[in-house]
Amino acid sequence: MKPFSLLAVLAISSVFAVDVRMSFADGPSAVRTHASAASVTVARKRIAQAIKTDPIKSPGRVVVVYFTPRDRPPAASHTARIRRIVEETAKFYESELKRHGFPNRSMHVLRNDRGQIDIVDVVGEQTDYDKPDGQKIRDEVIPALRQRGIDADASVLLLFCNLMDYDPVAVKISHHSPYYGGGNHLSGTAWQCDSEILDTRRFRDPTPIRDGEYGRITIGRHNSIFIGGVIHELGHALSLPHCRQRVDEAERGTALMGSGNRTYAQQLRGEGKGTFITQTHALRLAAHPVFNRQVSRSIYDRPTTEFHDLRLSEGPDQSIQVVGRVRGTIPSHAVVAYFDPDGGGDYDATTATSIPGTDGEFAMRSGPLRPRTFGELRIVSCHINGTTSTRSLRYGINPDGTPNLSIAKLELELKPVIDKLQTSSVEDATKLLREIAGSDDELASIGQTVLNRFRNVEQPISIDAARIPTTTKSIWLSTIRPQSVEVGWLRATYNSVPDKNRLLSLGGDYFAHGIYAHAPAKHVYELGGNWKRLRGRSGIHGNLFGQVDFEIIGDGKSLWKATRVTAGQGNAFDIDVSKVQTLTLKVTDGGNGRGGDWGIWVEPMLTR
């Protein structure tokens with residue numbers, strides 16, 4: 001497809017010059033957690049104008065598949081039930097988009113000549129399938145789709161698996177089905193589970209049932225959970241990440257992409273407020289091809305995007321305020337943010353939204369954030385062709401609820417200082433810090449704290465463990481020569497990583513002492529029983545996407561573990577190594593492959 005032209009970009013910018021100024025009248029002096037109705041109108045017009053400028057028929061559609069193992073029949077009345085569930089799903093998305101200011105958007109689902117939802121029935125090659133077998137099932141579905149002229153890699157697959165075990169006599173149910181989803185703006189897959197009791201007509205059914213995961217519930221609640229799950233996992237297939245509702249959104253119920261799958265339609269039984277879609281996710285879906293009959297020809301282009309003049313500051317009510325400008329080869333109709341505390345995956349991330357102005361300027365703030373936490377702030381540009389671009393930053397929240405923005409300031413305002421430290425001396429970096437910080441004592445203190453770590457740094461692997469004087473009460477492990485070393489990628493390095501950006505980085509901070517340990521890695525040290533404690537941290541270097549397991553072993557016995565560690569603050573350790581003769585630091589793959597598994601041990605120190 002031909003690339004989106006510069007003329008088209010300029011045309012869109014000029015058409016919306018007046019409207020965007022109006023939309024940005026809300027901020028930055030009055031920064032909000034969400035975009036106003038007038039701003040959303042601008043976003044809607046911006047998408048519409050992009051389509052009008054260079055339109056093509058949208059390739060986006062949801063294809064419904066029913067998969068059943070070779071040794072069992074489909075669940076009773078599956079065709080009629082699945083059609084009702086998909087119609088319910090489409091109606092929910094359409095009504096929520098309309099509520100957020102995006103009317104006339106319907107979910108495009110593959111239908112037959114009579115206008116009914118077309119369900120592609122597929123019988124599996126095997127009899128034994130389980131929860132991890134999503135890819136195996138999808139691979140078996142693809143040939144059946146190909147026979148129908150359907151490209152699975154250019155469709156959003158809503159794949160119902162007949163892998164629920166329902167016993168109507170004992171009135172109990174369990175499942176061994178894939179139950180997850182993922183995708184982008186062009187394709188995706190959502191795996192669901194099905195049984196004969198899964199039906200939108202039974203949301204109010206009070207019949208008790210014993211669920212293998214949820215215990216004693218009613219059939220009505222079972223349907224809320226698993227039909228809500230259909231809508232939730234489809235959200236992932238449409239490229240939506242998790243997020244929960246902010247405090248000011250809670251009056252509407254539970255956010256779909258939080259735990260809203262469990263609360264869907266509960267208002268029909270008087271059990272709660274039900275489920276809703278956040279404005280953040282409505283803005284993302286507004287340009288998705290599945291919800292637009294025509295799209296811009298740029299749908300197949302990936303934007304080059306830059307975030308300029310980013311600044312984080314403390315906002316009112318102990319919130320974090322974010323301002324900046326976004327510029328890209330594909331214009332943005334919205335900028336959204338996820339404030340995601342460490343731990344718990346991204347289910348507890350809360351959101352904020354803004355509509356960029358004529359120069360790409362945006363401003364927004366979080367709601368109240370949980371004290372005593374560190375987290376990741378993901379700033380996402382939503383482009384008019386349905387794509388997104390993301391910039392990630394670290395933040396912290398102090399015990400009193402005030403933001404700790406030192407790491408973000410280090411990455412944003414003090415980046416030139418860190419760049420100088422990468423290539424020059426500490427003295428040169430200190431001089432530049434003075435120029436940048438000026439009279440800002442807080443900024444100067446943040447930079448100086450990092451630079452002080454790099455003064456008088458001991459030479460790595462410069463001493464044998466047996467030759468350390470008994471008068472030495474503490475020593476960096478990175479200065480001790482290991483007995484043996486293995487790393488899974490590139491070469492072993494100490495106090496640095498084998499990369500052009502050589503400084504050890506963890507959670508957005510920088511450190512002078514540490515050990516590079518890309519999985520699978522093993523560093524073995526002969527301590528001779530001469531030390532008492534080992535302290536430090538472990539984590540993934542920089543913002544890499546890896547996931548690893550860390551383990552510290554003493555004389556063959558596991559002393560400490562941290563599993564499935566991803567980018568972030570890492571895990572601190574403080575362990576007893578008394579009488580340990582042989583110490584092993586081990587890093588292995590955390591279960592998602594070896595890509596990006598740049599494990600590092602940060603400031604590991606032995607003390608007597």
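Leaving aside neighbours within four places in sequence, which residues is D133 in contact with? I looked this up in a predicted model. D133 is in contact with D128, P178 and Y180.

**Entry: D133**

I placed D133 in the loop between β3 (119-123) and α5 (134-147).

**Entry: α4 and α6**

I took helix α4 (residues 78-99) and helix α6 (residues 219-237) as a pair. Their axes come within 10 Å. They cross at roughly 60 degrees, so α4 and α6 are oblique to each other. The crossing is right-handed. From α4, the contact uses I85, T89, F92 and Y93. From α6, I227, V230, I231, L234 and G235 take part. I sorted the residues of this contact by class: 7 are nonpolar, 2 are polar and none is charged.

**Entry: α10 and α11**

How do α10 and α11 run relative to each other, roughly parallel or roughly antiparallel? The axes of α10 (residues 426-437) and α11 (residues 441-453) come within 9 Å and cross at roughly 170 degrees. The two helices are therefore roughly antiparallel. On the α10 side I listed V426, A429, T430, L433, I436 and A437. On the α11 side I listed L443, A444, G447, Q448 and L451. This contact has 8 nonpolar residues, 3 polar ones and no charged ones.

Conventions:
Residues are numbered from 1 along each chain as its sequence is written. This is a predicted model: local features need pLDDT of at least 70, side-chain atom pairs count only at pLDDT 80 or more; totals for chains, interfaces and linings use all residues. Side-chain values use heavy atoms; hydrogens and water are left out. Axes are lines fitted to C-alpha atoms, for helices over the stretch in contact, and angles run from 0 to 180 degrees between N-to-C directions. Helices (H or I, at least four residues) and strands (E, at least two) are DSSP runs, numbered from the N terminus. Angles under 35 degrees count as roughly parallel, over 145 as roughly antiparallel, 65 to 115 as roughly perpendicular and the rest as oblique. A crossing is left-handed if the near helix is turned anticlockwise from the far one by less than a right angle, and right-handed if clockwise. Contact means heavy atoms within 4.5 Å. Ala, Val, Leu, Ile, Met, Phe, Trp, Tyr, Cys and Pro count as nonpolar, Asp, Glu, Lys and Arg as charged, and the others, Gly among them, as polar.
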